[in-house]
Amino acid sequence: MRHMIRFLVVLLVSLALLTTIGYVVLTRTTQAWYEHELDLRTRLAVASARQSLAAHWTSNRMRLRETLADITHDDRIMAAAACSLDGNLLAVTDSYPPGFSCREVLARMQFDTPDGGTSWSMISDLSSGRIHVSAMRIEREGKPLGVVILVQDLSDLSQRDTATRNFIVVGFAVLSICASVMTLFAAHIAWKRWTFELRQALEGEPRREFQPLVRDVRSLADTLARERDNEERGGRWSPTRLRSTLSQYLQGERVVILANREPYVHQRTGDSVRVSHPASGLVTALEPVMRACSGVWVAHGSGNADRETVDKHDRVKVPPGEESYSLRRVWLTDEEEAGYYYGFANEGLWPLCHVAHARPIFRAEDYAHYVRVNRKFADVVCEEVDSDDPIVLVQDYHFALAPKMIRQRLPRATIITFWHIPWPNAERVGICPWREELISGLLGSSVVGFHTQQHCNNFIDSVDAFMESRIDRESNAVIQGSRKTLVRPYPISIEWPVSWIHKVQPVDEARISVRRELELPENILLGVGVDRLDYTKGIEERFAAVGELLAHHPEYRGRFTFVQLAAPSRTKIPLYQEVSERVETIAKEINAKWSPTGPPAIILLRQHHEPMDVFRYYRAAELCYVSSLHDGMNLVAKEFVAAREDEQGVLVLSQFTGAARDLTEALIVNPYDVRRAGDALAAALTMPTDEQRERMRSMRRIVAEFNVYRWAGRMLVDAAELRRKERLSGRMTAGEYSMPIPVEVE
Ligand code: ADQ
């Protein structure tokens, strides 16, 4: 209704405007027509009396007056006069109006037609009404004798003119209204018809050619409904909201997380035991979620003091001092760790899934360990659950087989598996000798989640290529027998606000302390990179871009330093050792070339830093460069944004990260194009503070809104919904209801 009223107001305003313009145009046009008609009448009248006029012009004033009187017999011509060339009145009829003497008319004629025109006319308004005065030259044998003046009465003409104009204007308005009403009516019918067809298509089976459109509309409607639902339920996602959502959906049941990496590692040095946080995107994302919803985190106990700090069930309460959830540690032998973790997961699956030009290595004995370790962890998960239909969150490529193993022991479990790295295209997946086993293992899940829709599509294509199953592309689901696995994008993020951010040094202090620590001048411009030392992170390309910056922008030589925090990672794998050496060599070469003396161009800190230290570096820097060659999300990009409460600093971000889809206000680069990446670094260093603020503010809004509580909340709510349906279908199978038994879970 509101739309209709708005439309009518716009319509009426447009009509008023159109009618006014139409009125002005019509007035001018009809006036021009009448003037033309009057001129024609004058010519005709004078032409028919021309002979008689010329004959009596000088000789017989009496006959001249009679001729003029004959002319005025025409209804419209009310008076006439004959004037000599020097302006004397020769003859005139009755009712000739004052104010148009021979001299006056000749003078006007001369003024209006200076080139010596033979006729002249004008319209004049008298108290008695409107008149048309025209003058025509009279000649005899080519010689001018004088002029004849005719006066025409326009009173009836102006009446006719007004009537015609009114008629046209009213007609025009009526026509416009009719046309608009008809348009409105036709649009209404077409819209009703279109929505009717769309509704029919959405409710039933759409025609083949509409299927892609209907699929998009359905998925959009789904997302909008879910988003609105979320909004209505409580604004921005936070630990409190996640907790209340979970208590609403899970009635206080605990969630079991299975991840290889533990969130807290106990390390003994001498007599003391220290707790550290591993450098891992997975831990960064999941730890705040666990703090918010409690439960159990099952992980490999990798610290050298881990065994001494657990109870007799291999559990320890974490975080230290807060103790809001349990960490259940699983022990691996050196052989198991070498085969499952270093071998199959990190020399096989990691390079398989990242397009970073490292050859995957698949060894049968590594795979055997991978199967055994997956079974070991799956068994521990089944020990830790507190019901026969628990919610289990399986994390990452270390546990592709575990979902199916858990499902075999707990057929009614709701298992959500999140794959933290990219899923490559089907052709590349085909390289893996155990591709069917991996995919089948993952299909034991109720939901398989990836960071992006592209990764979901690649997974579904791989299922299509290698498995016996039915794919429901409309709902992005894979159906095997009576089981359905949903495939969904859940872009991961970080906690917001970061719970310990108030403990990090403020920007001004961080700038001074970091520069002092690195022995750099106070006014040096600083860039920062923060990564595990991994070939997928593009650290070599990053350093090359710094080299290009200094080569093509000499003003930064000695004025800019790039500091790279590089946490050693997977150091037992030869390729990682090589990358570590290569990175060091490149840094040395660039320093030798561009900063042989003075502040170094690159500082490489190959060590682990605690999160608060990492944030201090983010705050001290002018820019942060994330140059991954292929990445799932990349949380470093989001952390840099979270750290910059001062709304300053520029993020230079690889287009091959998942984060590039969310943080579009970053300077997006192709990390392989080191020349342009160098220019982007220069652009970041010269960006005005206002622009930095605008970009940073917009990115901070995105990270705040799409935080990790939202990521976890959406997954857990989807899982709880799925479980509700499974429970319902279970009750129906058990004969509690007399309805037909649905075989699918959704
Ligand atoms: P990662 O490959 O570990 O994660 P990322 O998402 O960037 O990559 O997270 C790295 C984390 O480690 C960050 O929290 C960072 O602060 C920390 N870190 C890095 N270097 C460090 C250092 N030198 N010292 C201390 N801490 C350091 C994987 C996938 C990603 C995906 C995440 C989460 O590869 O694509 O975003 O999981 O799903």
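Everything below describes a predicted model.

**Helices α8 and α9**

- Two packed helices are described by the angle between their axes and the distance between the axes.
- For α8 and helix α9 (residues 364-384), the angle is about 110° and the axes are 8 Å apart.
- Angles from 65 to 115 degrees count as roughly perpendicular, so α8 and α9 are roughly perpendicular to each other.
- The crossing of α8 past α9 is left-handed.
- On the α8 side, the contact uses E335, E336, A338, G339, Y340, G343, F344 and L349.
- On the α9 side, the partners are D366, Y367, H369, Y370, V373, N374, K376 and F377.
- Sorted by class, the contact of α8 with α9 has eight nonpolar, four polar and four charged residues.

**Helices α18 and α21**

- Helix α18 (residues 635-643) packs with helix α21 (residues 689-705) at an angle of about 115°, and their axes are 9 Å apart.
- Helices α18 and α21 are therefore roughly perpendicular to each other.
- Their crossing, α18 with α21, is left-handed.
- From α18, the residues K638, F640, V641, A642 and A643 meet M696, M699, R700 and V703 of α21.
- In the contact of α18 with α21, seven residues are nonpolar, none is polar and two are charged.

**Helices α6 and α7**

- Helix α6 (residues 239-250) and helix α7 (residues 281-293) have axes 8 Å apart and pack at an angle of about 55°.
- That angle makes α6 oblique to α7.
- The crossing of α6 and α7 is right-handed.
- P239, L242, R243 and L246 of α6 meet V289, R291, A292 and C293 of α7.
- The contact of α6 with α7 divides into six nonpolar, no polar and two charged residues.

**The second largest cavity**

- How many cavities of 30 Å³ or more does a search of the whole structure find? There are four of them.
- The second largest cavity holds about 60 Å³ of space.
- Its lining, that of the second largest cavity, is made of L349, L352, C353, W419, W423, P424, V429, C432, R435, L438 and I439.
- Helices α8 (334-353) and α12 (435-442) each supply at least two residues of that lining.
- By class, the lining of the second largest cavity has 10 nonpolar, no polar and one charged residues.
- L349 is listed in this lining, and L349 of α8 also takes part in the contact with α9.

**Backbone details**

- Most residues other than glycine have a negative phi, and most peptide bonds are trans.
- S294 is not a glycine, yet its phi is positive, at about 55°.
- Which peptide bond is cis with omega near -10°? The bond from V318 to P319 is.
- P319 belongs to the loop between β10 (315-318) and β11 (325-330).
- The peptide bond from W496 to P497 is also cis, with omega near -5°.
- Where is P497 found? P497 lies in the loop between β17 (483-489) and α14 (507-517).

Notes:
Residues are numbered from 1 along each chain as its sequence is written. This is a predicted model: local features need pLDDT of at least 70, side-chain atom pairs count only at pLDDT 80 or more; totals for chains, interfaces and linings use all residues. Side-chain values use heavy atoms; hydrogens and water are left out. Axes are lines fitted to C-alpha atoms, for helices over the stretch in contact, and angles run from 0 to 180 degrees between N-to-C directions. Helices (H or I, at least four residues) and strands (E, at least two) are DSSP runs, numbered from the N terminus. Angles under 35 degrees count as roughly parallel, over 145 as roughly antiparallel, 65 to 115 as roughly perpendicular and the rest as oblique. A crossing is left-handed if the near helix is turned anticlockwise from the far one by less than a right angle, and right-handed if clockwise. Contact means heavy atoms within 4.5 Å. Ala, Val, Leu, Ile, Met, Phe, Trp, Tyr, Cys and Pro count as nonpolar, Asp, Glu, Lys and Arg as charged, and the others, Gly among them, as polar. On a 1 Å grid over the protein atoms alone, a cavity is a set of points where a 1.4 Å probe fits but cannot get out, and a pocket is an open set with protein on both sides within 12 Å along at least five of seven lines; lining residues have an atom within 4 Å of a point. Grid points are joined across faces, edges and corners, and a volume is the space filled by probe spheres set on the points.
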